[in-house]
Amino acid sequence: MKPFGTSSGEMPFLDHLEELRWRILWSLVAIVLFTILGFLLVTQFDVLGILVAPITPFLEGTRLKYLSPTEPFFITLKLALLVGLLLAGPIVVYQLWAFLSPALNSSEKRAIVPSLYFGLVLFMAGVAMAYYIALPVTLQFTMGFQTESLEQSIVISEYLSVVTRLLLAFGIVFEMPVVILLLTFLGLVTPEFLAEKRRHAIALITVVSAVITPGDVITITLMMMIPLALLYELSITLAKLVVRKRNAEPATQRS
Amino acid sequence: MSAVGGLVDGFRARSGEKTFLDRLDDVRGRLIASLVVVTVTTAIGFYLAAWPVTLQIPRWTFDLGALGIRQFGGWTISLDVLRHFIAPIEPYLDGERLKYLSPTDPFFITLKLALCIGLALALPYLLRQLWATLTPLMRPEERRLVGPAIFGAVGLFVMGWLFCYFFAIPLMLQFTMGFQAGSLEQAIVIGEYLKLVLRMLVAFGLAFELPIVILLGTLLGIVTPEFLIAKRRHAIAILTVVSAIVTPPDLSSLLLLMLPVWFLYEASIVLSRAVLARRPAIPPLPGA
């Protein structure tokens with residue numbers, strides 16, 4: 001392991017701390033500014049409407065309810081923070097990257113930048129999958145019980161917690177290929193190892209999907225499990241590419 | 001206290017035929033078997049809770065000659081468990097249904113009901129397992145008490161439930177919902193209501209076990225009827241405190257639980273006297 005910072009010239013340790021302080025400060029400023037922008041966006045445009053859309057068919061013409069008089073304001077604030085975090089995300093990631101990149105060598109840099117983009121795309125794919133497919137199916141399933149004895153009177157806070165949990169869960173687990181690719185690049189796993197342990201991986205994926213997805217027995221678990229198994233296969237293929245490319249590179253660059 | 005100590009010593013002495021590890025192995029097997037049974041009955045319970053069945057008992061007509069014509073059956077039995085849970089509050093809902101707040105609630109409520117049904121269905125098996133675990137550690141004269149004790153315990157538990165369901169819950173609802181009727185409107189949520197009802201049912205079921213505890217205590221020589229009479233005032237104070245803790249925080253359910261249990265306390269004193277008059281208490285093991 002190389003000493004921290006040697007590849008960026010001769011920057012002393014305290015200077016790194018100073019740099020870190022400013023990068024954190026700028027990230028916070030970005031988040032605050034974008035949250036204010038988010039507040040404007042949420043009040044001007046119907047952001048909440050997008051989140052609520054999947055449940056509207058089940059509401060029988062009524063609207064989502066709130067139980068406390070302060071809730072409409074705090075829900076808006078929460079949404080503004082969410083929008084702010086999303087918009088400030090690229091800046092925060094850039095600051096993190098600018099702080100870390102001097103410590104990496106050029107081949108590591110070449111691996112990490114694409115994987116950041118790849119990770120972003122996968123995250124959005126996971127969220128889209130959750131929003132367009134998993135969420136409606138979940139709602140249809142869970143709200144299909146006891147329709148004769150119970151009446152819906154769904155509260156915005158409960159609904160938002162279900163939605164955010166589902167969207168985040170799908171987004172995060174869809175990052176699996178990025179993690180596998182980075183591990184392959186670092187030489188911690190090999191494509192052969194991944195292919196050999198496929199059965200263990202699928203068992204693990206099933207368990208994780210069953211735990212993360214809300215209480216359903218089969219359908220939603222399958223909805224998370226099948227794409228994950230496919231992503232696992234995809235990452236094996238990509239890992240093979242990484243290994244082939246690394247072997248093609250001159251050996252001097254690695255050591 | 002010496003009697004309790006004697007029991008513990010007795011356990012050690014009489015488990016001599018099998019080693020301690022063998023016993024542990026038995027217990028593990030029984031635990032696994034019980035879990036399997038509860039899983040299966042819960043699956044049945046889920047089916048019952050999600051897709052309720054209505055049983056139609058056909059009407060039978062018997063011509064008994066001199067005794068005339070007797071009819072039997074013709075009942076409709078609804079196995080819609082949630083409906084039965086909701087029935088006590090139905091008159092207060094103004095024709096509406098109970099509400100749920102989270103989109104996942106209907107499923108999880110069904111799951112909870114399934115677990116309740118599953119446990120109720122598995123109860124005889126679980127008690128059988130418990131008995132099989134405990135009997136080898138008992139003397140024959142103690143063992144004879146177990147069968148009646150289990151029947152009595154189940155009977156009293158069911159009595160507590162029936163009392164709670166048909167009497168205590170309706171009275172409590174009438175009391176608590178009678179306030180502020182002019183200013184407030186009900187929008188009762190299933191989760192809250194179910195929590196309340198289940199808490200009441202468990203509290204009453206357990207509290208009604210008191211006579212069994214007292215009878216076993218007198219028969220094993222741990223307490224005497226005279227002791228119970230002498231300590232009556234302490235007992236009532238304890239009953240009140242325990243009732244206040246186990247029931248939901250309103251005055252009515254406390255009184256509704258405390259008064260019948262006090263009656264059961266007095267009844268068990270009379271009963272234990274009658275039993276002791278017929279047969280003496282089982283003496284503790286010699287040397288204890």
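**Note on the two-chain model**

1. Buried residues make up 24% of the 255 residues in chain A, and this figure, like every other in this note, belongs to a predicted model. Along its principal axes, the C-alpha trace of chain A spans about 70 × 45 × 25 Å.

2. As to secondary structure, chain A has ten helices and one strand, and read along the sequence its elements follow the pattern α-α-α-α-β-α-α-α-α-α-α. Where contacts in chain A link residues at least 6 apart in sequence, 87% of them join residues at least 24 apart.

3. Helix H1 of chain A, which runs over residues 13–44, has 32 residues and reaches 46 Å from its first C-alpha to its last, close to the 46 Å expected at 1.5 Å a residue. Within H1(A), the residues Phe34(A), Thr35(A), Gly38(A) and Val42(A) are buried, and the buried residues of this helix pack against helix H2 (47–52) and helix H3 (71–100) of chain A.

4. Helix H4 (residues 106–142) and helix H6 (residues 176–185) of chain A have axes that come within 9 Å and cross at roughly 165 degrees. Because angles over 145 degrees count as roughly antiparallel, H4(A) and H6(A) are roughly antiparallel to each other, and H4(A) passes H6(A) in a right-handed crossing. On the side of H4(A) the contact is made by Ala111(A), Ser115(A), Phe118(A), Gly119(A) and Leu122(A), and on the side of H6(A) by Pro177(A), Val178(A), Leu181(A), Leu182(A) and Phe185(A). By class, the residues of this contact of H4(A) with H6(A) divide into eight nonpolar, two polar and no charged.

5. In chain B, helix H5 (residues 140–176) and helix H7 (residues 210–219) pack at an angle of about 160 degrees, with their axes 9 Å apart. H5(B) and H7(B) are therefore roughly antiparallel to each other, and H5(B) passes H7(B) in a right-handed crossing. H5(B) brings Leu145(B), Ala149(B), Gly152(B), Ala153(B) and Leu156(B) to the contact, while H7(B) brings Pro211(B), Ile212(B), Leu216(B) and Leu219(B). The contact of H5(B) with H7(B) has eight nonpolar residues, one polar residue and no charged residues.

6. Leaving aside its neighbours within four places in sequence, Phe46(B) is in contact with Thr110(B), Leu111(B) and Ala114(B). Asp25(B), by comparison, is 21 residues apart from Phe46(B) in sequence and 32 Å apart from it in space, C-alpha to C-alpha.

7. Turning to the meeting of the two chains, the contact takes 19 residues from chain A and 21 residues from chain B. On the side of chain A that touches chain B, the elements that give two or more residues are H4, strand E1 (150–152) and helix H5 (156–173) of chain A. The residues on that side of chain A divide into eleven nonpolar, six polar and two charged.

Conventions
Residues numbered from 1 in each chain as written. Chains lettered and ligands numbered in written order. Predicted model: local features only at pLDDT ≥ 70, side-chain atom pairs only at ≥ 80, totals over all residues. Helix = DSSP H or I, 4+ residues; strand = E, 2+ residues; numbered from the N terminus. Expected span 1.5 Å × (residues − 1). Buried ≥ 20, exposed ≤ 12 C-beta atoms within 10 Å, placed from the backbone. Contact = placed C-beta atoms within 7 Å. Axes fitted to C-alpha atoms, helices over the stretch in contact; angles between N-to-C directions. Parallel < 35°, antiparallel > 145°, perpendicular 65-115°, else oblique. Left-handed = near helix turned anticlockwise from the far one by under 90°. Nonpolar A, V, L, I, M, F, W, Y, C, P; charged D, E, K, R; others polar.
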